[in-house]
Amino acid sequence: MIEVDEEMTPLKKEDRLASSKKENFEKRLRKLDEKVYFLREKAAKVEKAIGTTKEDSHDAFVNLDEKEEIDCHSIFVGNVDYVCSPEEVQQHFQSCGTINRVKILANSLGQPKGYAYVEFVEVDAAQNALLLNETELHGRPLRVLPKRINIPGMKQSWVPFGYGSNYMTSVPSLQKVVLRK
């Protein structure tokens, strides 16, 4: 059977390939839309079972001003030894002021990532802790920096290695993808 277009002219091999690719893409897009719809329905059922709505869950999170206030009291500690406990980090920074909490981050397997956050009660204590940059704990020089403020929605975009920031703007097909979001 010969495939034809709207004007009843036979389609070339390239045109047939393009139309089949388009059909496959449309099928995949429909499947993804169905999955999104299914997941939204499931999320709504879970929220209903828990007794929360999107507005309630949004209010449960700390607003940006409160996050900035907490971050002013906190420091980032890099190059933390993997066997170091939160108590040892707390003891190292105890001379700076009263510590509210120490959190050593871990990966999904529970292994430490090599950095920690220390939250102080006073802002002055966090400023004093910055003076302990390059001090040693377990024989490793600590990197002590102020904790940066995470702004919701300001996620860093992934750029392939070696392409720099102009990669997205130099490839026309990716410009369309970026503009659709």
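Is Phe120 buried or exposed, and what is its relative accessible area?

Reply: Phe120 is buried, with a relative accessible area of 1%. Buried means under 20% relative accessible area, exposed means over 50%, and partly exposed lies in between, using a 1.4 Å probe and protein chains only. This is a predicted model, in which local features need pLDDT of at least 70 and side-chain atom pairs count only at pLDDT 80 or more, while totals for chains, interfaces and linings use all residues. Residues are numbered from 1 along each chain as its sequence is written, and side-chain values use heavy atoms, with hydrogens and water left out.

Start with the whole chain. It has seven helices and six strands. Both are DSSP runs numbered from the N terminus: helices are H or I with at least four residues, strands are E with at least two. In sequence order the pattern is α-α-α-β-α-β-β-α-β-β-β-α-α. Of the 181 residues, 17% count as buried.

Now the surroundings of Phe120. Phe120 lies in strand β3. Leaving aside residues up to four places away in sequence, Phe120 touches His73, Ile75, Phe93, Cys96, Gly97, Thr98, Ile99, Asn100, Ala125, Ala126 and Ala129. A touch is a contact, meaning heavy atoms within 4.5 Å. Take Thr98 from that list. Phe120 and Thr98 are 22 residues apart in sequence, but their C-alpha atoms are 5.8 Å apart in space.

Next, the strands. Strand β2 (residues 99-106) pairs with β3 in the antiparallel sense over six bridges. Two strands pair if DSSP finds at least two bridges between them. Here Phe120 is the bridge partner of Ile99. Five residues separate β2 and β3 in their hairpin, where Gly110 takes a positive phi near 90 degrees.

Strand β3 (residues 112-120) also pairs with strand β1 (residues 74-78), again antiparallel, over five bridges. Ser74 has Glu119 as its bridge partner in β3. Gly78 stands opposite Tyr115 in β3. β1 has a further antiparallel partner, strand β6 (residues 143-146), with four bridges. There, Ile75 stands opposite Pro146.

Why is β1 described as largely enclosed by the rest of the structure? Because five of its five residues are buried. Both faces are covered: Ser74, Phe76 and Gly78 are buried on one side, Ile75 and Val77 on the other.

Look at Val77, which sits in β1. Val77 counts as buried because its relative accessibility is 1%. Beyond four places in sequence, Val77 touches Phe93, Gly114, Tyr115, Ala116, Val118, Leu142 and Arg143. Val77 and Arg143 are 66 residues apart in sequence, yet 5.5 Å apart from C-alpha to C-alpha. Across the chain, 57% of the contacts with a separation of 6 or more join residues 24 or more positions apart.

The largest share, four residues, comes from β2. In the lining, five residues are nonpolar, two polar and six charged. Asp, Glu, Lys and Arg count as charged; Ala, Val, Leu, Ile, Met, Phe, Trp, Tyr, Cys and Pro as nonpolar; the others, Gly among them, as polar.

Asn79 has a positive phi of about 65 degrees although it is not a glycine. At 28% relative accessibility, Asn79 counts as partly exposed.
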